[in-house]
Amino acid sequence: GRAEPKFGADLLHVRAVVEPAAAAMAARSHTRKTLNAIEEAYAEMARTAHDATLYADPDRRFHKAILVATGNDVMVAFAALTEAALGMFVRIASRHAGAPGASLPLHLAILEAIRRRDADGAYAAMMALLDRTSRNVQRNVRRGHSKI
């Protein structure tokens, strides 16, 4: 069906509240195992960046792995909503030249900040990614590409 603009905007706003905080928490509290999950998802994103369909699953795993790396059970529970939302956002936000590969440097910045245990950097990097996602979704919905 068609993406409901208000639902998409509401979901983007919730992600902007939760995911930057989760990235900061993950930077402070990740373990080798949870960092490996983020790194593995990113590596697969890099391999599939030429194809939005193939890219969607590792992108969802990347964001879920960050939530898991917080060590916070409520954040982990939020992952189910995030996974559903990412499926929709990847399809809508990737309907332009260079997508989804253009978002790889933003994901890498998040990963690198988490690796360094730089909570402020991880927060800022996630905000930058979500800002880009929001702009892409808004642009593509305005162009009539909201069919999902």
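Predicted model: local features only at pLDDT ≥ 70, side-chain atom pairs only at ≥ 80, totals over all residues.
Residues are numbered from 1 along each chain as its sequence is written, and side-chain values use heavy atoms, without hydrogens or water. Local features need pLDDT of at least 70 and side-chain atom pairs count only at pLDDT 80 or more, while totals for chains, interfaces and linings use all residues.

Student: Is α3 roughly parallel or roughly antiparallel to α5?

Tutor: Helices here are DSSP runs (H or I, at least four residues), numbered from the N terminus. α3 (residues 52–69) and α5 (residues 104–115) pack at about 25 degrees, with axes 12 Å apart. Angles under 35 degrees count as roughly parallel and over 145 as roughly antiparallel, so α3 against α5 is roughly parallel.

Student: Which residues of α5 make the contact with α3?

Tutor: Contact means heavy atoms within 4.5 Å. From α3 come Tyr 55, Asp 59, Phe 62, His 63 and Ile 66. Facing them from α5 are Leu 104, His 107, Ile 110, Leu 111 and Ile 114.

Student: And how does α2 run relative to α5, roughly parallel or roughly antiparallel?

Tutor: The axes of α2 (residues 32–48) and α5 come within 11 Å and cross at roughly 160 degrees. That angle makes the pair roughly antiparallel.

Student: How many residues of the contact of α2 with α5 are nonpolar?

Tutor: Ala, Val, Leu, Ile, Met, Phe, Trp, Tyr, Cys and Pro count as nonpolar, Asp, Glu, Lys and Arg as charged, and the others, Gly among them, as polar. In this contact one residue is polar and two are charged, and the nonpolar ones number nine.

Note on methods. Axes fitted to C-alpha atoms, helices over the stretch in contact; angles between N-to-C directions. Helix = DSSP H or I, 4+ residues; strand = E, 2+ residues; numbered from the N terminus. Parallel < 35°, antiparallel > 145°, perpendicular 65-115°, else oblique.
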